[in-house]
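Me: I'd like to learn how to read a fold from its coordinates. Could you walk me through one, step by step?

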Amino acid sequence: MIVAHVDLDAFFAAVEELESPELRERPLVVGGDPHGRGVVATANYVARRYGIHSAMSCAEALRRCPHAVFVRPRKSLYVGYSRAVWDAVRQVVPTIERTGMDEGYLAVGEVARDFAAAREIAEAVQSAVLGSTRLTASLGVATCKVVAKVASDRRKPGGLTVVPPGREAAFLAPFDVRLLPGVGPRAEHRLRAAGVTTIGELAALTDDRLRRLAPGRVGAMLRDRARGIDRRGVETEAETVSISSEETFAQDVTDAERLHDEVQRMAGHVAARLQRSGDTARTVTAKLRYSDFSIRTRSTTLAVGTDDAARIGELACRLLDRALRDRPGALRLVGVGVSGLEPYRQLALV
Ligand SMILES: [Mg+2]
């Protein structure tokens, strides 16, 4: 397999710079209110020199750089640019898996026989994106997704890192374990507490130590990834047909308010995933599992898709109430799902 991970550089900020070229030389933060509780969505490279990064509070960003320019995200604008980017990428590599508006995997092996050709394809992707949008992208090329993803982050902005076959584990080994896709904050904490700080150290864990640190399939998967072993293929969009979130309760729940809270929270997760990929969904589904394990689902379909957490939550609560009216009872599980995904359509909404 030859796969590339493509990641646009400081995407939101780069779009804002294209729209207002006078911002290019200034520290720019796209995000929330620096005088409120806003967080940084994206900072341009000038702002990063002040230590500003994504997910930092805007108040902290302002402290680090009082003369930074703060702008609110303009999502419909980014969606338009994102569409142009992916249209350009598809001209070079037809099989793509978008994992966000600004990043995704490319099945380079379908158009390149070997790694020399793959490098040329990756460069062609960069030129195509630059030519059609004036945005820069960084790419990683490798035999599997996890290595390609780590590689795409190595030489930003505008970088290209090719990891030849056989070099996967050696390439990954020196990096901080936090950089390995799949290692979340909790796993990172446990690994670090046990003295595992690099991906190489994770790769070298014995079965015994691994079992104690990260038991079960997740642990084995993480160690495989640390060794550069990852058999996931590139899945095209058509395969992402639905997104869902569900919660099994420790004890069966009948309290309507508690159920509504759970449903709203799950609607938030679902909406966040839609927003990350720039999709909207037309169908909202509520799933209920009763104490006798029987399952009911109720769905509703909208004329125009949505990615709004409150809207999805409200619809799912209504569906839940309807199902509970039809069949009252204590619930072991509730779930919220969306389907009928449509890329880029929220333009019509906002
Ligand atoms: Mg990016």
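Reply: Happy to! Let's begin with the idea behind a sheet: two strands count as paired if DSSP finds at least two bridges between them. Keep in mind that this is a predicted model.

Me: With that in hand, in what order do the five strands of the open sheet run?

Reply: The order is β5-β6-β1-β7-β8, and the pairing is mixed. At the edges sit β5 (96-100) and β8 (160-162), each of which pairs on one side only. From one strand to the next, the twist averages 15°.

Me: How many bridges join β7 to β8?

Reply: Three bridges link β7 (residues 137-142) with β8, and these two strands run parallel. As an example, Gly140 has Thr161 in β8 as its bridge partner. Helix α5 (residues 115-133) packs on this sheet, where it touches β1 (3-8), β6 (103-106), β7 and β8. The direction of α5 makes about 165° with that of β7.

Me: Are Asp7 and Leu8 buried or exposed?

Reply: Buried means under 20% relative accessible area. Asp7 has a value of 11%, so it is buried. Leu8 is buried too, with a relative accessible area of 3%.

Me: Which residues is Ser152 in contact with, leaving aside its neighbours within four places in sequence?

Reply: Those residues are His5, Asp7, Ser138, Leu139 and Gly140. Ser152 itself lies in helix α6 (residues 145-152), and its relative accessible area of 2% makes it buried. The side chain of Ser152 also reaches the backbone oxygen of Lys149 at 3.0 Å.

Me: Stepping back, which domains does the assignment give for the chain?

Reply: The domain assignment gives domain 1 (3-10 + 76-164), domain 2 (17-74), domain 3 (170-226) and domain 4 (240-348). Notice that domain 1 is written as two segments, 3-10 and 76-164. As for spacing, the C-alpha centres of domain 1 and domain 4 lie 33 Å apart.

Terms used. Residues numbered from 1 in each chain as written. Predicted model: local features only at pLDDT ≥ 70, side-chain atom pairs only at ≥ 80, totals over all residues. Heavy atoms only, no water. Buried < 20%, exposed > 50% of the residue type's maximum accessible area, 1.4 Å probe, protein only. Helix = DSSP H or I, 4+ residues; strand = E, 2+ residues; numbered from the N terminus. Axes fitted to C-alpha atoms, helices over the stretch in contact; angles between N-to-C directions. Contact = heavy atoms within 4.5 Å. Domains from an automatic or database assignment. Polar contact = N/O pair within 3.5 Å; in protein donor to acceptor, adjacent residues only side chain to side chain.
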